[in-house]
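Trainee: I've got a new model open and I'd like to learn how to read it. Can we go through it feature by feature?

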Amino acid sequence: MKRSEINQAIKDAKQIMAQYRFSLPKFAEFSAKDWQTFSLEPYAEILKSNLGWDVTDFNLGNFAQTGLTLFTLRNQSEKNGKPYAEKIMLVKQNQVTPMHYHWKKMEDIINRGGGVLSLQLYKRDEITDLLDEVCAIEVSIDGERRQIAAGDKIRLHPRQSICLPPTLYHSFWAEEGNVLAGEVSMVNDDLTDNRFLDPLGRFSAIEEDEAPIHLLCSDYKEFLCR
């Protein structure tokens with residue numbers, strides 16, 4: 001991805017969050033210069049937990065079609081012992097997060113405002129580790145248990161949420177407008193806990209065509225080496 005694309009994605013996310021009155025913590029506004037000027041010790045939890053901005057095109061090179069903008073608000077680090085995480089995400093209309101599951105993480109995905117958040121779900125075939133296209137799936141939507149067929153589309157309207165257990169394949173995208181989506185989960189580990197159906201890069205290679213307006217969580221090690 002070009003840094004200019006990342007900067008624009010962050011600007012778009014901030015605009016949508018303001019529209020729906022979702023306020024981010026103060027470190028969301030830190031510039032690269034701020035980070036390079038500050039003493040880092042007070043912000044060790046942010047850096048160790050990989051809190052902050054995260055923009056990805058999954059290294060596919062078409063962010064409008066396949067991509068996601070996220071901000072991680074809380075997560076476990078070596079020091080804080082938190083067993084939970086929280087993210088806020090901007091899912092643009094027709095922008096897909098590819099089919100994947102998590103080995104360990106259980107998560108609730110919440111439509112916090114905008115259009116319809118659509119999901120497609122499959123069980124994992126325990127032998128092939130691919131999609132089980134036969135077995136039905138039991139899901140919980142706002143505490144209501146439902147049975148759905150493998151591959152059926154679920155549509156979450158604003159204020160609705162779904163609980164996704166570990167190893168359940170899922171893909172999601174926005175319809176009828178952009179969606180501000182929340183995620184409340186167990187500890188988030190984007191380095192080792194994502195299994196994509198097709199081999200993908202979770203973090204994008206970045207072409208530095210302009211300066212970052214804010215650092216991504218994946219930028220911390222490169223920009224803040226001291």
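This is a predicted model: local features need pLDDT of at least 70, side-chain atom pairs count only at pLDDT 80 or more; totals for chains, interfaces and linings use all residues.

Trainee: Okay, how many bridges join S4 to strand S11, and in which sense do they run?

Mentor: There are 2 bridges between S4 and S11 (residues 168-186), and the two strands run antiparallel.

Trainee: Is S4 mostly covered or mostly open?

Mentor: As a general idea, side chains in a regular strand alternate between the two faces of the sheet. As for S4 (residues 97-102), it is mostly covered, with 6 of its 6 residues buried.

Trainee: On to the rings. How many aromatic pairs does the structure hold?

Mentor: It holds 11. Take Phe27 and Phe71: their ring centres are 5.4 Å apart with 35° between the planes, which makes the pair tilted.

Trainee: What does the pair of Phe27 and Phe71 tie together?

Mentor: Phe27 sits in the loop between helix H1 (3-19) and helix H2 (32-37), while Phe71 belongs to strand S2 (residues 68-74), so the pair ties together parts 44 residues apart in sequence. Phe27 and Phe71 are both buried.

Trainee: How is the pair of Phe30 and Trp35 arranged, then?

Mentor: Edge-to-face, at 5.3 Å centre to centre and 75° between the planes. Phe30 and Trp35 are both buried. They also belong to a cluster, in which ring pairs link them with Phe38, Tyr43 and Tyr220.

Trainee: What lies over the face of Phe203?

Mentor: That's Arg202, at 4.8 Å from the ring centre.

Trainee: Last topic: the nonpolar core. Which residues of the largest one touch the most other members?

Mentor: Think of a core as buried nonpolar residues joined through their side chains. The largest here has 30 residues, and Trp35, Trp53 and Val55 touch the most other members. H1, H2, strand S1 (52-56), S2 and strand S3 (84-91) each supply at least two residues, with H1 giving the most, 6 residues.

Trainee: What is Val55 in contact with, leaving aside its neighbours within four places in sequence?

Mentor: Its contacts include Ile6, Ile10, Phe63, Leu68 and Leu216. Apart from this core lies another, of 21 residues, among them Met89, Val91, Val139 and Ala181.

Key. Residues are numbered from 1 along each chain as its sequence is written. Side-chain values use heavy atoms; hydrogens and water are left out. Rings of Phe, Tyr and Trp (its six-membered ring) pair if their centres lie within 6.5 Å; planes under 30 degrees apart count as stacked, over 60 as edge-to-face and the rest as tilted. Helices (H or I, at least four residues) and strands (E, at least two) are DSSP runs, numbered from the N terminus. Buried means under 20% relative accessible area, exposed over 50%, partly exposed in between (1.4 Å probe, protein chains only). A charge sits over a ring if NZ of Lys or CZ of Arg is within 6 Å of the ring centre and within 35 degrees of the ring normal. Two strands pair if DSSP finds at least two bridges between them. A nonpolar core is a set of buried Ala, Val, Leu, Ile, Met, Phe, Trp, Tyr and Cys residues joined through side-chain atoms within 4.5 Å. Contact means heavy atoms within 4.5 Å.
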